[in-house]
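Subject: Handover of a structure and the findings on it

Dear colleague,

Please find below the structure that I am passing on to you. My findings follow directly after it.

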Amino acid sequence: EGRVARQPGSGEIMKTDPRTRQAMVTTYTSFLKGATRRKLEPLKPMLTKRLYGSLEKNLPKYEDRFFNGLRDSIAAMRKGGMKVKETGDMGRGIVEALVTFENGHERRVIFFKEDGDWKLNRL
């Protein structure tokens, strides 16, 4: 179902294989690159159906807040790479990833495996 059951940072630390961590980085990188266009449609492939539906409904009201909230992560991505430092089990197949950027910026991102791919489920 993809509904988050816990608060960020509260899940049990879990091991993930390098392929999973790389898939998460690829998804998040594509999302941030797409977010520079400040349009929702290009982000759809990186988002779960649940998150996309929520954003589609609410983005007209919160568009500036949403995209401005990504500004630091977009800037950090442009300055260098990123990696998944750790992952946490949030329950129901949901995984929280602590993403660290080369410049020291960090962001917790929630992923859910949907249609065989790791997609963003909450930002």
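L98 is a residue of strand 3 in this predicted model. Its relative accessibility is 8%, under the 20% limit, so L98 counts as buried. Leaving aside residues up to four places away in sequence, L98 touches K83, V84, K85, E86, E106, R107 and R108. One of these, K83, is 15 residues from L98 along the chain, and the C-alpha atoms of the two are separated by 8.4 Å.

In general, the strands of a sheet pair through backbone hydrogen bonds, in either a parallel or an antiparallel manner. The pairs in this sheet may be taken in order:

- Strand 1 and strand 2 run antiparallel and are joined by 3 bridges; here I13 stands opposite G88 of strand 2.
- Strand 2 and strand 3, also antiparallel, are joined by 8 bridges, and T87 stands opposite A97 of strand 3.
- Strand 3 (residues 94–101) pairs with strand 4 (residues 106–114) in the antiparallel sense over 7 bridges, with T100 opposite E106 in strand 4.
- Strand 4 is joined to strand 5 by 5 bridges, and the two run antiparallel; I110 stands opposite R122 in strand 5.

Turns and positive phi values

Most residues other than glycine have a negative phi. Which residues here have a positive phi although they are not glycine? Among them are R38, with phi near 55°, and D115, with phi of about 55°.

R38 is located in the loop between helix 1 and helix 2 (49–68).

D115 is located in the loop between strand 4 and strand 5, two strands that form a hairpin with 2 residues between them. Is D115 buried or exposed? Its relative accessibility is 57%, over the 50% limit, so D115 counts as exposed.

The hairpin of strand 2 and strand 3 likewise has 2 residues between the strands, and R92 in that hairpin takes a positive phi near 55°.

The largest pocket

Rolling a probe the size of a water molecule over the atoms shows where empty space is left. How much space lies in the largest pocket? The value is about 200 Å³. The residues that line the largest pocket are S54, L55, N58, L59, Y62, R65 and F66. By type, this lining divides into 4 nonpolar, 2 polar and 1 charged.

Yours sincerely

Technical notes
Residues numbered from 1 in each chain as written. Predicted model: local features only at pLDDT ≥ 70, side-chain atom pairs only at ≥ 80, totals over all residues. Heavy atoms only, no water. Pairing = 2+ DSSP bridges. Helix = DSSP H or I, 4+ residues; strand = E, 2+ residues; numbered from the N terminus. 1 Å grid on protein atoms, 1.4 Å probe; cavity = no way out; pocket = protein on both sides within 12 Å on 5 of 7 lines; lining within 4 Å. Points joined across faces, edges and corners; volume = space filled by probe spheres on them. Nonpolar A, V, L, I, M, F, W, Y, C, P; charged D, E, K, R; others polar. Buried < 20%, exposed > 50% of the residue type's maximum accessible area, 1.4 Å probe, protein only. Contact = heavy atoms within 4.5 Å.
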